[in-house]
Amino acid sequence: MNPVFKQVFDLLPENYRDRAVIAGGAAADFNRANDIDVFVLGLNSTPKVIQFKNSLKIPNMIQRDLFTRGTGEDATICKITDSDIGNNIVIGDIPEDIFGTIYKPVQILASPYLSVTDLLLNFDLSCHCVAYTPDGERHVLENITTGLDVPPKSVNPQFPEYTLGRYRRFCLRYGLQPDATELIKLCTIPEPVHFRRSERIED
């Protein structure tokens, strides 16, 4: 595991670290990633997300506003920005110049999923279905995760237009010939694309 990842995990309150996962681009290729996404699993209700948000005491972290629909026990969190990945909610951003030894921006996300596997199954591209947990273990999806030397496959493209742009950038970045079958698939997915709901619990 990249030693920078330990520093990122250490930013989180201790009682949340065992549920933390660094996944996506930075886990697949740290050097070329634009930022580091760290997810905290099991935050599957509005009170849990708000409690986690309030527990973060990271200097100079830019907190996102949490929008809710409804009141009291019926309140649910709405999407924050178009960049949210599936059901995961961006809690805050840490600029790269705050921590001189991390060198990349860090994005902290609350995730409703209960396992690393379920989190990765909701990523859009196979090349990014990679994750690290605080114990240093690397997680991939058998028969799904692909390396950086082959064109990626679409896994769960919840926003096809966004995934198509990411697919294009990935192929350009690594000098890969796009897979025509995948391009056709992304261009013909009907709207709306429903989120995968397995292993979600609403309390």
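1. Start with a loop residue. Asparagine 143 is placed in the loop between strand E9 (138-140) and helix H6 (160-174). The model is a predicted one. Asparagine 143 has a positive phi, near 65 degrees, and is a residue other than glycine. Its relative accessible area is 78%, so asparagine 143 is exposed.

2. Asparagine 60 lies in the loop between H4 and strand E3 (62-63). Phi is again positive, about 65 degrees, although asparagine 60 is not a glycine. Asparagine 60 counts as exposed because its relative accessibility is 55%, and the cut-off for exposed is over 50%.

3. Next, helix H1, which covers residues 3-10. Val4, Phe5, Val8 and Phe9 are buried here. Down the axis of H1, these buried residues fall within an arc of 145 degrees, so they line one face of the helix.

4. At the start of H1, asparagine 2 contributes a side-chain oxygen that comes within 2.9 Å of the backbone nitrogen of valine 4.

5. Helix H4 takes in residues 46-55. Its buried residues are Thr46, Val49, Phe52 and Lys53. Viewed down the axis of H4, they fall within an arc of 135 degrees, so they line one face of the helix. Pro47 and Gln51 are on the other side of H4, and both are exposed. Note that a lysine, Lys53, is among the buried residues.

6. Now the aromatics. There are five aromatic pairs in the structure. One is phenylalanine 5 with tyrosine 132: the ring centres are 5.6 Å apart and the planes stand at 50 degrees, so this pair is tilted. It links distant parts of the chain, with phenylalanine 5 in helix H1 and tyrosine 132 in strand E8, 127 residues apart. Phenylalanine 5 and tyrosine 132 are both buried.

7. Another pair lies within one helix. Phenylalanine 170 and tyrosine 174 have ring centres 4.7 Å apart and planes at 45 degrees, so they too form a tilted pair. They are four residues apart in helix H6, and therefore separated by about one helical turn. Phenylalanine 170 counts as buried because its relative accessibility is 5%.

8. Phenylalanine 30 brings two features together. Ring pairs join Phe30 with Phe5 and Tyr132 in a cluster. The charged end of lysine 104 also sits over the ring of phenylalanine 30, 5.1 Å from its centre.

9. Last, the cysteines. How many disulfides are there? The count is zero. Cysteine 129 is in no disulfide, and the nearest cysteine sulfur, that of cysteine 127, is 7.8 Å away. Cysteine 129 has a relative accessible area of 0%, so it is buried.

10. Cysteine 171 is in no disulfide either. Its nearest cysteine sulfur is that of cysteine 127, 8.3 Å away. Cysteine 171 is buried, with a relative accessible area of 4%.

Conventions:
Residues numbered from 1 in each chain as written. Predicted model: local features only at pLDDT ≥ 70, side-chain atom pairs only at ≥ 80, totals over all residues. Heavy atoms only, no water. Buried < 20%, exposed > 50% of the residue type's maximum accessible area, 1.4 Å probe, protein only. Helix = DSSP H or I, 4+ residues; strand = E, 2+ residues; numbered from the N terminus. Arc of directions from axis to C-beta. Polar contact = N/O pair within 3.5 Å; in protein donor to acceptor, adjacent residues only side chain to side chain. Phe/Tyr/Trp six-rings, centres within 6.5 Å; stacked < 30°, edge-to-face > 60°. Lys NZ or Arg CZ within 6 Å of the ring centre and 35° of its normal. Disulfide = S-S within 2.5 Å.
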